[in-house]
Amino acid sequence: MTDHDVRVLDDSQYRTAHTLFRGTLHHPPAPDDQWKFAQESYVPGCTWGAFADGEMIGTVQSFPSSLAVPGGAVVPHAAVSRVGVRADWTRRGVLSALQRAQLRELRSRGDVAASLRASETAIYGRYGYGIATRYRFLRIDRREAAPRTRPVGRVRFVEGEAGERIARGLFEELSPQRAGTISRWPAWWGLSIRRVAAEENLRIAVRSGGSGDDGYVVFKVVPGDHGSADGPPTRLSVMDLWARDAEAWADLWLFVLGIDLVDEVVTLGRPLDEPLEWLLGDRRACRVVDHADEAWLRLLDVPAALSARTYRSSEPVVLGVRDAYLPENAGSYRVTADGVTRVDDAPELVLDVDVLASAYLGDVSFSTLAATRRLDVVDPAALARADALFAVSEVPWCGTYF
Ligand SMILES: CC(C)(COP(=O)(O)OP(=O)(O)OC[C@H]1O[C@@H](n2cnc3c(N)ncnc32)[C@H](O)[C@@H]1OP(=O)(O)O)[C@@H](O)C(=O)NCCC(=O)NCCS
């Protein structure tokens, strides 16, 4: 018997949930002009509240989305967000109750995976979420960068709604090329682009080459005291950049690095394998200012998730999966280059579902997980087979903050 209960919220309760969540991050309630953008992101049936004595004390939400997995398939996915428990109710099992309800609901409605961004690393492993992608934040001293090459296509500004329309179309086409990317729900663009544009100097530039528009960059510039040794630098922040191929990618970066009266270019989290330094005459002009975990992934339907991705050619391996919150996932899975089947065989490697999530997109190898004692090795020879099967040629990356 608990002293609280959890239930799905209706639209009369969304603003209370939003205020509660913001309070857990020590932010005041959203003013009306911000709420207008946030409100759109409350989708019916996707927000849970925990209640005690008739008051909301905790909340958790998800946005309907999809996830690209190795091999190019895209699976139903829930982007979990706005997780908060009122500070006078923490460490009494409220989040655990919300998680239990949410995980069950997401799986039963057909989501194969869920993901989130973790405010603290200690919270989500117990619920089956594992770090599945990482990213790096860069700072480029523009005056030292001296790019080695010149643009070959055309990059033009497209302002306002027209720019957002082109960006959305290109994002939807281009992002699933990389495993770990997720589709963006309509309200994402309102909150992350239009709301910011209403407050700051956001620009959208589109690149075109031989076959039309093939990439875009969204950025903003915060003017500093250009040229002064002591004053703040004029900083250009790259918020979103997607390109169809290497040519478009290089042109977009060259465009950004070529904008006058900018001291430094900074980025939000970019893929670990993005070769930006190689574009520069002085690669030391590009500094990695942070390197962090990005997506925490939860495999809700392990058989469906394992079957959705492709595998490299290698001898099979039998994985034994443990899952305390969704026990129907527990069992042995025989992974081969041609597919995955559930079996009764004894497992060669045994791991919790959060650890499987870390290996699933290819971010970390089974050997590394074994070396750090994150999985049980029954047959040491199985490690090389598992590494070979799950190997990927491109580092997974999400690239959508929520
Ligand atoms: C994170 C948060 C939602 C946890 O809620 P909660 O109701 O206290 O969590 P629970 O009581 O269900 O905790 C379950 C377990 O996780 C542990 N845990 C929860 N949050 C933790 C944290 N931030 N650090 C370390 N351990 C934590 C608890 O100690 C407990 O462990 P136990 O089962 O071994 O006793 C709450 O602390 C909060 O709102 N924090 C501020 C906002 C925030 O960070 N939100 C997450 C955004 S991604």
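Okay, let's start at the ligand: by class, its shell has 8 nonpolar, 6 polar and 5 charged residues. For that count, Ala, Val, Leu, Ile, Met, Phe, Trp, Tyr, Cys and Pro are nonpolar, Asp, Glu, Lys and Arg are charged, and the others, Gly among them, are polar.

Quick housekeeping. This is a predicted model, where local features need pLDDT of at least 70 and side-chain atom pairs count only at pLDDT 80 or more, while totals for chains, interfaces and linings use all residues. Residues are numbered from 1 along each chain as its sequence is written, and side-chain values use heavy atoms, with hydrogens and water left out.

Back to the ligand. Which residues are closest to it? Of the 19 that surround it, the closest are V85, R91, G93, S119 and E120; a residue gets on that list if one of its heavy atoms lies within 4 Å of the molecule. Then the polar contacts, by which I mean pairs of N or O atoms within 3.5 Å; within protein, one must be able to donate a hydrogen and the other to accept it, and residues adjacent in sequence count only if both atoms are side-chain atoms. E120 puts a polar side-chain atom 2.7 Å from a ligand nitrogen. V83 comes in with its backbone, a polar atom there being 2.8 Å from a nitrogen of the ligand. R92 also uses a polar backbone atom, 3.2 Å from a ligand oxygen. How much of the ligand does the protein bury? Taken alone, the ligand exposes 890 Å², and 72% of that is buried by the protein; those areas are Shrake-Rupley with a 1.4 Å probe, and for residues only the protein chains shown count as cover.

Buried or exposed? A87 is exposed, at 69% relative accessible area. The cut-offs are under 20% for buried, over 50% for exposed, and partly exposed in between, with a 1.4 Å probe and protein chains only.

Now strand β2, residues 47-52. Why call it largely enclosed by the rest of the structure? Because 6 of its 6 residues are buried. T47, G49 and F51 point one way, W48, A50 and A52 the other, and all are buried. On one pairing, β1 (residues 5-8) runs antiparallel to β2 over 4 bridges, with V8 partnered to W48. On the other, β2 and β3 (residues 55-68) are antiparallel too, joined by 6 bridges, and A52 stands opposite E55. Pairing here needs at least two DSSP bridges between the strands.

The β2 and β3 hairpin has 2 residues between the strands, and D53 there takes a positive phi near 50°. D53 isn't a glycine, and at 76% relative accessibility it counts as exposed. As background, most residues other than glycine have a negative phi. H26 is another non-glycine with a positive phi, about 70°. You'll find H26 in the loop between α1 (14-24) and α2 (32-39), exposed at 73%.

Last stop, some buried side chains. R207 is in strand β9 (residues 202-209), and its relative accessibility is 0%, so it counts as buried. What does its side chain contact? There's D214 at 2.7 Å and D251 at 2.9 Å, both through their side chains.

E348 is in the loop between β17 (339-343) and β18 (349-352), and is also buried, at 15%. A polar atom of the E348 side chain is 2.7 Å from the backbone nitrogen of V318, and the side chain also makes a polar contact with that of R385, at 3.1 Å.

And finally W185, in the loop between α5 (160-174) and α6 (186-199), buried at 6%.
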